[in-house]
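I opened the model to look up strand pairing and helix packing. My notes follow.

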Amino acid sequence: MQFFGRLASEYEAMFARTLDSFAGCTVLDCPSGPGSFVAELHQRGAHAIGVDPLYAQSLEALMTRGRADVATTIERMRSGSDAFRDHDFESYRASKLHALDAFAADYELGKAQGRYLAASLPHLPFADQQFDCTLSAHLLFTYSDPSTGGVLTDSPFTAAWHLAAAEELLRVTRHELRLYPTTTRWHTASRHPLALEIAAHFTQQGHAVHFAPSTFARGNDANDPHNACMVVTRGGASPR
């Protein structure tokens, strides 16, 4: 599994929501990884918490892992399919390392202040409906088994795990849960079957679910009409 950072601007693209819209909110980012989102929201005065099981490690270990994963990912993209033949790898590397550096600058103080917690799905150390909004990117659906459209062979993230993880994310959310991506990683992307199952499950429970178009470039298909985040609004109430 990849462990490298993303910029807060990339979160805006993934989740179809601006940073300004989080003003006055409590926000959970799970899994957070070594990205700049929590740090940038904190700088804007919002209360954001990042959760990742690797936060049990030292900052030095996290930085070493993050830099190595950026390099490995770029090498795989260069030698992979034609989908990346026109990719700007230098900009890609720069953005990932910029996010990693922003994370590093905030991490040790932020961890001491409770902004970064080591924990993992499907069990989170938070109270029911503790956060106004919860964001979760590049874990659910992405790391499912290739037979369902994911990328992780012999994945431990089964359909049952996905449902338990999504329910846990919504349990700690007061208003709105956003999940990204929601498409398969097959050559021709389509809505991930586990995303459809979770959407149906939450709808049956009385929550409002829709797919908000994303502008985040995933690389496999720049014009993918299914590129979207899933937005789950608790009880169908108006999102904050």
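Which residue in E2 does aspartate 29 stand opposite? I looked it up: aspartate 29 stands opposite glycine 50.

Ground rules first. This is a predicted model, where local features need pLDDT of at least 70, side-chain atom pairs count only at pLDDT 80 or more, and totals for chains, interfaces and linings use all residues. Residues are numbered from 1 along each chain as its sequence is written, and side-chain values use heavy atoms, with hydrogens and water left out.

**Strands.** I took helices (H or I, at least four residues) and strands (E, at least two) as DSSP runs, numbered from the N terminus. Strand E1 covers residues 26-29 and pairs with E2 in the parallel sense, over four bridges. To pair, two strands need at least two DSSP bridges between them. I followed the chain from E1 through helix H2 (residues 37-43) to E2. This β-α-β crossover is right-handed, that is, clockwise from the first strand over the helix to the second with the strands pointing away from the viewer.

I then checked E3 (residues 116-117), which runs parallel to E2 and is joined to E2 by two bridges. Glycine 50 has tyrosine 116 as its bridge partner in E3.

Is E2 mostly covered or uncovered? Strand E2 (residues 47-51) is mostly covered, with four of its five residues buried (under 20% relative accessible area, 1.4 Å probe, protein chains only).

**Helices.** I turned to H5 (residues 159-171) and H6 (residues 193-204), whose axes come within 10 Å and cross at roughly 45 degrees. Axes here are lines fitted to C-alpha atoms over the stretch in contact, with angles from 0 to 180 degrees between N-to-C directions.

Note on methods: Buried means under 20% relative accessible area, exposed over 50%, partly exposed in between (1.4 Å probe, protein chains only).
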